[in-house]
Amino acid sequence: MPARVILDTDTGVDDALAIVLAMRSPELHVEAITGVCGNTPLDHCMRNIHITLGVLDPPAVTEVARGEDRPLVRELAFAGDIHGADGLGDVTRMADAKGVRIYPDPVQRISPVHAVDLILERADRHPGELTLVAVGPLTNVARAIMRDPDRMGCLRQIIIMGGAFETGGNVSPVAEFNIHADPHAAQIVCDSGIPLVFVPLDVTRQAFLDAEMIDRHAKEGGARATFVRDCTARYVAFHRRNRGVNGCFLHDPLAVAVAVREDLVTMVPARVDVETAGDLTTGMTVADLRSARWGEPNARVCTALDVQEFARMFEERVLS
């Protein structure tokens with residue numbers, strides 16, 4: 001039986017690729033997709049979820065719910081310089097030779113139930129079965145824990161794309177974007193007692209999508225590969241300019257892949273906490289991955305990746 005998952009996302013470019021991978025993985029049953037502010041404003045996030053579902057053949061259907069539109073404490077901070085003004089690589093501005101938009105605004109079928117309530121309802125309905133894959137800031141997740149910790153305790157686990165442990169951050173020398181965007185929410189999640197898996201920059205920077213592979217598949221004319229090419233063009237340009245690589249990192253798809261196959265990664269137990277008050281270190285994930293001497297572990301942290309097997313999975317399910 002497929003594993004039940006909810007995908008909580010701030011739908012930027014790599015989030016969209018994570019949605020495609022989740023919907024095309026027969027090992028997963030996507031109960032719902034919940035939106036949260038982060039890479040892009042919440043309105044853009046919700047539109048981007050529907051655009052992404054619409055490029056699948058046939059268009060994918062799952063419950064989509066609107067979540068929190070601002071962090072618990074911090075001011076909003078978007079990533080338009082990386083993900084484009086629309087959060088999706090500016091594909092909403094693309095037009096054909098006749099000036100017709102290639103990715104028009106889709107019909108949005110948004111649940112009347114708020115994302116926080118939906119997460120709580122599904123956790124209660126499927127005790128011990130539901131995995132929450134969080135690939136954006138943890139605001140929705142923290143709100144759900146604050147509202148009803150007992151029902152959230154019914155989750156099987158939370159897989160978090162976030163953090164930087166033995167590598168540098170991507171929004172500061174020590175902090176990764178999703179955690180930095182709402183560190184107070186992240187600490188609430190760390191203190192929840194729910195089984196946690198962190199998929200940090202340490203491993204997502206090993207999950208690389210080569211631009212030549214994207215182009216090769218897009219030339220074959222498939223809708224998914226064409227969408228990947230279109231939405232990643234700006235993202236790849238950012239990586240080429242700032243990271244010196246001809247491609248992009250697949251941060252969020254790797255978190256989905258871990259929900260499919262844990263054997264793709266090596267994990268170590270650790271006590272993870274989040275810096276919420278530092279002037280220079282806000283959003284830093286703090287843990288000692290060498291031993292358990294600094295407290296009872298509250299998470300498993302991914303430290304290594306089977307790069308070739310993950311690349312094979314992504315190419316087969318998303319690009320082919």
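Visitor: How does H1 pass H12, left-handed or right-handed?

Guide: H1 passes H12 in a right-handed crossing, that is, with the near helix turned clockwise from the far one by less than a right angle, helices being DSSP runs of H or I with at least four residues, numbered from the N terminus. Please keep in mind that this is a predicted model, in which local features need pLDDT of at least 70 and side-chain atom pairs count only at pLDDT 80 or more, while totals for chains, interfaces and linings use all residues. Residues are numbered from 1 along each chain as its sequence is written, and side-chain values use heavy atoms, with hydrogens and water left out.

Visitor: And at what angle do H1 and H12 pack?

Guide: They pack at about 25°, with the axes of H1 and H12 7 Å apart, where axes are lines fitted to C-alpha atoms over the stretch in contact and angles run from 0 to 180 degrees between N-to-C directions. H1 is therefore roughly parallel to H12, a label for angles under 35 degrees.

Visitor: Which residues of H1 and H12 meet?

Guide: Asp14, Asp15, Leu17, Ala18, Leu21 and Ala22 of H1 meet His251, Asp252, Pro253, Val256 and Ala257 of H12, contact being heavy atoms within 4.5 Å. By class, this contact of H1 with H12 has seven nonpolar, one polar and three charged residues; Ala, Val, Leu, Ile, Met, Phe, Trp, Tyr, Cys and Pro count as nonpolar, Asp, Glu, Lys and Arg as charged, and the others, Gly among them, as polar.

Visitor: OK, and how do the axes of H1 and H11 cross?

Guide: The axes of H1 (residues 13–23) and H11 (residues 223–243) come within 9 Å and cross at roughly 160°, so H1 and H11 are roughly antiparallel, the term for angles over 145 degrees. H1 passes H11 in a left-handed crossing, and in the contact Val13, Asp14, Ala16, Leu17 and Val20 of H1 meet Arg224, Phe227, Val228, Cys231, Thr232 and Tyr235 of H11. Those residues divide into eight nonpolar, one polar and two charged.

Visitor: Switching to pockets, what lines the largest one?

Guide: The largest pocket has a volume of about 330 Å³ and a lining of 24 residues, of which Ile82, His83, Asn170, Phe177 and His251 lie nearest its centre. (On a 1 Å grid over the protein atoms alone, a pocket is an open set of points with protein on both sides within 12 Å along at least five of seven lines, a cavity is a set where a 1.4 Å probe fits but cannot get out, and lining residues have an atom within 4 Å of a point.) Eleven of the lining residues are nonpolar, six polar and seven charged.

Visitor: Which helix gives the most to that lining?

Guide: H11 does, with four residues, while H1, H3 (80–83), H7 (177–181), H11 and H12 (251–260) each supply at least two.

Visitor: What about the second largest pocket, how much volume has it?

Guide: Its volume is about 220 Å³, and its lining includes His50, Leu53, Gly54, Pro106 and Arg109. H2 (residues 42–54) gives the most to this lining, with three residues.

Visitor: And how much space lies in the largest cavity?

Guide: About 60 Å³ lies in the largest cavity, which is lined by Cys37, Gly38, Arg70, Pro71, Glu75, Leu76, Ala77, Pro137, Thr139 and Ala181. That lining has six nonpolar, two polar and two charged residues.

Definitions and conventions
Parallel < 35°, antiparallel > 145°, perpendicular 65-115°, else oblique. Points joined across faces, edges and corners; volume = space filled by probe spheres on them.
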